[in-house]
Amino acid sequence: MQLNPFPADDVTVGRYISYLAMVGRKRSTIRRHMTSIAEMHRRRGIEDVPTESHAVKRVWKGIRNDKKRERVTKKAATLIEDIRAMVAVQPDTLLGLRNRLVLLIGYAGSFRRSEIVSLQCEDVKFVRNGVEILLRYSKTDQMGVGRKIAIGYGTRLDTCPVRNLQEWIERTGISAGPLFRRFTPQGRITDKGLSAQMVALIVKDAARRAGLPNAHEYSGHSLRAGAATQGARNKADAHVIMNQTGHKSRAMLDEYIREANLWDDTLTNYLGL
């Protein structure tokens, strides 16, 4: 059967999302693909988008109901005491400064690891209250509309993301291109940016060296999850957290809030055990 990529019909889209499900893509990922397909058709003046057809909706319903297909593995969230410990074990070298900054900017900005590695020097603007970082693309911004992230000064020199960023730029002298750079085995900085996998390795290595419990459970996502959890624990308003993380709905954020409040008051306190 000949399938037309654009304009796509319901058969093409149905087979496409079925394929994504078959190869193990998450429901949230498939949903974003469908949203992008619909938006692309509408931008070309096609209002009768294939994702809204009954056939595609039936396929999508089947994917959503297939609970065996998706198994979510939660990563450990880095709370502030974890961040302080992970920063403290970084060596006093340029490589150590880079790793420290990855942790601090990733945490303060609530960035995904893909967002961390996408940052360019041109996206950074120091202002009176701290630094503004332009996030040009993100997982939920496939069209590249972009949004600004505000990161303020910290209360401690060692964990202040702004001062560490200033030091990184001053010591490296970089003014354009990737903000976070790779190093050669000999310790020389290059003009190549980090990969998302390298961010995960930086977090894992820092957790291991800091002696954090279950260090193997930490990953690049731990920074983002930790910021949301710590914010909720410190009673930040939901809209403040969502403004930083870019969450579009409360559903995922509520997971972090429940995690943060887990030990506030437990039923065992009332059971007389």
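Two strands count as paired if DSSP finds at least two bridges between them. Helices (H or I, at least four residues) and strands (E, at least two) are DSSP runs, numbered from the N terminus. The structure above is a predicted model, in which local features need pLDDT of at least 70, side-chain atom pairs count only at pLDDT 80 or more, and totals for chains, interfaces and linings use all residues. Residues are numbered from 1 along each chain as its sequence is written, and side-chain values use heavy atoms, with hydrogens and water left out.

**Exercise 1. Find the partner of strand S4 and describe how the two are connected.**

Step 1. Look at residues 181-183, strand S4: they pair with strand S5, residues 189-193, in the antiparallel sense over two bridges.
Step 2. Within this pair, arginine 181 stands opposite glycine 193.
Step 3. Five residues lie between S4 and S5, which form a hairpin. Glycine 187, in the turn, has a positive phi of about 95 degrees.

**Exercise 2. Work out the strand order of the open three-stranded sheet and name its edges.**

Step 1. The order is S1-S2-S3, and the pairing is antiparallel.
Step 2. Strand S1 (124-127) and S3 each pair on one side only, which makes them the edge strands.
Step 3. Four bridges join S1 to S2; phenylalanine 126 stands opposite valine 131 in S2.
Step 4. Angles run from 0 to 180 degrees between N-to-C directions, with axes fitted to C-alpha atoms, for helices over the stretch in contact.

**Exercise 3. Describe how helices H5 and H7 meet.**

Step 1. Two packed helices are described by the angle between their axes and the distance between the axes.
Step 2. For H5 (residues 94-108) and H7 (residues 161-172), the axes come within 9 Å and cross at roughly 145 degrees.
Step 3. Look for contacts, meaning heavy atoms within 4.5 Å. Among the residues of H5 that meet H7 are Leu97, Leu101 and Ile105, while the H7 side includes Leu165 and Trp168.

**Exercise 4. Is valine 102 buried or exposed, and what does it touch?**

Step 1. Valine 102 is found in helix H5.
Step 2. Its relative accessible area is 0%, so valine 102 is buried (buried means under 20%, exposed over 50%, partly exposed in between, with a 1.4 Å probe and protein chains only).
Step 3. Not counting residues up to four places away in sequence, valine 102 touches Ile116, Phe180, Leu194, Val199, Ile202 and Leu223.
Step 4. One of these, valine 199, is 97 residues away in sequence, yet the C-alpha to C-alpha distance is 7.5 Å.

**Exercise 5. Which residues have the most contacts inside the largest nonpolar core?**

Step 1. Such a core is a set of buried Ala, Val, Leu, Ile, Met, Phe, Trp, Tyr and Cys residues joined through side-chain atoms within 4.5 Å.
Step 2. The largest one has 40 residues, and Ile105, Phe111, Leu119, Ile151, Leu179 and Phe180 have the most contacts inside it.
Step 3. H5 gives the largest share of this core, seven residues.

**Exercise 6. Compare serine 110 with lysine 235.**

Step 1. Most residues other than glycine have a negative phi.
Step 2. Serine 110 has a positive phi near 55 degrees, and lysine 235 has a positive phi of about 65 degrees.
Step 3. Serine 110 is buried, at 5% relative accessible area, whereas lysine 235 is exposed, at 55%.
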